[in-house]
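Open the model in your viewer and keep the selection panel at hand. This tour moves from one selection to the next.

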Amino acid sequence: MIKYKSLLPIIYIIFLMLPIYWLINMSFKTTNEILGVFSLWPLEFTLENYRTIFTDPTWYNGYFNSIIYVAMNTVISVTVALPAAYAFSRYNFLGDKHLFFWLLTNRMAPAAVFALPFFQLYSSVGLFDTHIAVALAHCLFNIPLAVWILEGFMSGVPKELDETAFLDGYSFSRFFGKIFIPTIASGIGVTMFFTFMYSWVELLLAKTLTSVAAKPIAATMTRTASASGYELGLLAAAGALTIIPGALVIYFVRNHIAKGFALGRV
Amino acid sequence: MSIELKGVVKTKDAETHIYETNLKLLKGGFNVLLGTTLSGKTTLMRLMAGLEKPTQGEVWFNEENVTGMAVQKRSVSMVYQAFVNYPSHSVYDNIASPLKVAGVSKSEIKKRVESIADLLKLTPMLNRMPAELSGGQQQRTALARALVKNAELVLLDEPLANLDYKLREELRDELPKLFAGSGATVVYATSEPMEALMLGGHTATLHEGRVIQYGETAEIYRSPNNLTSATVFSHPPINTTKVIKKGNELFIQDISCCKIDGGLKNLADGDYILGVRPHHLTPFSTDENAVRVKGVVKVTEISGSDSVIHIIFGDCSWVSESHGIHPYKVGETIDLFMNINQCLLFDVQGDLIPV
């Protein structure tokens, strides 16, 4: 009986893993083999694709650039969202619910809408092709998300905790740093994961706002395809490496994400 | 420390939570705020703590007006009904936190935390996190944190309400002892009349945002100044009925009639309200002057050696609480007895008529 029951999830997992397996499979093949024969595993096993990526600066700089602006974005988003979320969860003020909803509407427009104004604006103030340009642009959708998630976690903390701290003599800033932030640490972890992920996978704004100095890995991948024919093996290796940071982050916050789901905000 | 509320009013969103209140609490003793849910106990405490500002009026500590003073600057500690501890701090750090903020030296902190932990039987738990403790231990931690800083005013907002029966009794016995030597003024909110009686000290009865009466606990129980105060301070609720006084006789709902003497005899003839506490209404006669109350049994609850009998008496629903097991059947007509001299008499506005 148990065998039949486990059949469905097994099929589902195979279905999910198949494209990833195929990507990794391709990354160890030569382009000729990919185009020439159908094989379930590399017939001519090669590490040449990975070697190219780790030695060619146009490739590995793509990773550095991506990681730099994603990290910047994550730090900015969480830093800005923490006080905002605290205000939304603790205070009533005129139009607070409307403002909270309006924040979310920022996520409702496709990035393409903002690509042109950002490009024009950043070009004219000299921010074009810098890491901070992409990091700031990504704040557009990541800060509302971070506020939304953090507000959920903060509202789960009773207001009495704040009051007890004030009665104990804590000043607001000391309470926020020493008591409140440790209390919602898992919420901050979940928020960082989501801001990281959205910024990491976003292509359009990152590609539009950079040319050479801050070119992200995803953009590098799309451009290589057209520049020197089809280097499928190389692209597959780049793709496989792009998955790794995301997988690592998920691994570290997996327990907190479960908590986030339980709180109903993620 | 003496604490005084001078003409304090609190309104929120056009809704009055506390009507004009003047209250001076017993210095260095136990003060119980007794009232049902939504009677304003918590709001009153929050006003004293400074967590909320009064809409009108002033709060005075000793001879100082502290109405606008920040919470941090007041010598106040508070324990909530829900167990509030810092989840990211160990029990030791939780208890030590007010001292750390105050800049007390490490060795002094260690000494004070250990002595208070010993007092509250928390010594084996000092290195654990609050989430790893039972409810009783969590509340002990909160109490320890409130005690350790030697605040002059300690506010306890139904601290035992979320605990199970055994723990509640245990802590209730300990509480007055804990504060006995500290000289702190303790304000204790509860909705249970029995708890107020057990804690002693002074009691303020609250009803719908008004302080009805304040004074020595036993005194308030014995002679509530009006029907509301008597209702708040009686569990099961006090039995009431309309009575008519004519000459030497008191007519109870056209059903019973009894002779009255003493001070009551000089009362003007007319309508009054009679209040009978449930334990003054018994299924057996104590003396020949006892007034007979004939009623129909609605429910009988027997708990161990006590019986609570709910009857329909005329057009009123009455409760009798007595020692012994009295297994009456539902619908049975029975006689209960009360002594008219133990009853409280109110005028039609509900004010007590002193005898």
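**Stop 1: the two domains of chain B**

Select domain 1 of chain B and then domain 2 of chain B: their C-alpha centres lie 38 Å apart. Domain 1 covers 3–232 and domain 2 covers 239–346. These bounds come from an automatic or database domain assignment.

A word on the ground rules. This is a predicted model, in which local features need pLDDT of at least 70, side-chain atom pairs count only at pLDDT 80 or more, and totals for chains, interfaces and linings use all residues. Residues are numbered from 1 along each chain as its sequence is written, while chains are lettered from A and ligands numbered from 1 in the order in which they are written.

**Stop 2: chain B as a whole**

Now show chain B as a cartoon. Eight helices and 20 strands make up its secondary structure. Helices (H or I, at least four residues) and strands (E, at least two) are DSSP runs, numbered from the N terminus. The C-alpha trace of chain B spans about 75 × 45 × 35 Å along its principal axes.

How much of chain B is buried? Of its 355 residues, 39% are. A residue is buried if 20 or more other C-beta atoms lie within 10 Å of its own, exposed if 12 or fewer, and partly exposed in between, with C-beta atoms placed from the backbone.

The mean for chain B is 89, and 100% of its residues reach 70 or more. Within chain B, confidence is lowest in strand β13 (residues 256–259), at a mean of 78. It is highest in helix α2 (residues 91–102) of chain B, at 94.

**Stop 3**

Most residues other than glycine have a negative phi, and most peptide bonds are trans. The next selections depart from that.

- Select B:Ala14, in the loop between β1 (3–12) and β2 (15–24) of chain B. Its phi is positive, about 65°, although B:Ala14 is not a glycine. B:Ala14 is exposed, because 5 other C-beta atoms lie within 10 Å.
- Go on to B:Asn62, in the loop between β4 (56–61) and β5 (64–65) of chain B. B:Asn62 has a positive phi too, near 50°. B:Asn62 counts as exposed, with 11 C-beta neighbours inside 10 Å.
- Finish at B:Pro236, in the loop between α8 (227–232) and β11 (239–246) of chain B. The peptide bond from B:His235 to B:Pro236 is cis, with omega near 0°.

**Stop 4: chain A**

Switch to chain A. How many helices and strands does chain A have? There are 13 helices and zero strands. Its C-alpha atoms fill a box of roughly 75 × 65 × 30 Å, taken along the principal axes. Buried residues account for 34% of the 266 residues in chain A.

Select helix α4 (residues 57–90) of chain A. This helix has 34 residues and reaches 49 Å from its first C-alpha to its last, close to the 50 Å expected at 1.5 Å a residue. That expected span is 1.5 Å times one less than the number of residues. Zoom in on A:Ala81, where α4(A) bends by about 30°. The bend is the angle between axes fitted to the seven residues ending there and the seven starting there. A proline, A:Pro83, follows within four residues.

**Stop 5: the two domains of chain A**

Color domain 1 (1–46) and domain 2 (55–263) of chain A. Their centres, taken over C-alpha atoms, are separated by 32 Å. Nine residues of domain 1 of chain A are in contact with eight residues of domain 2 of chain A. Two residues are in contact if their C-beta atoms, placed from the backbone, lie within 7 Å. On the domain 1 side, α1 (2–27) and α2 (31–36) of chain A each supply at least two residues. The largest share of that side, four residues, comes from α1(A).

**Stop 6: where the chains meet**

Show both chains. Here 14 residues of chain A are in contact with 17 residues of chain B. On the side of chain A that touches chain B, α8 (159–168) and α9 (172–183) of chain A each supply at least two residues. Which helix gives the most to this side? It is α8(A), with seven residues. The residues of this side of chain A divide into seven nonpolar, four polar and three charged. Ala, Val, Leu, Ile, Met, Phe, Trp, Tyr, Cys and Pro count as nonpolar, Asp, Glu, Lys and Arg as charged, and the others, Gly among them, as polar.

End with the scores: the model has ipTM 0.85 and pTM 0.83.

Definitions and conventions: pLDDT is the predictor's confidence in each residue, from 0 to 100.
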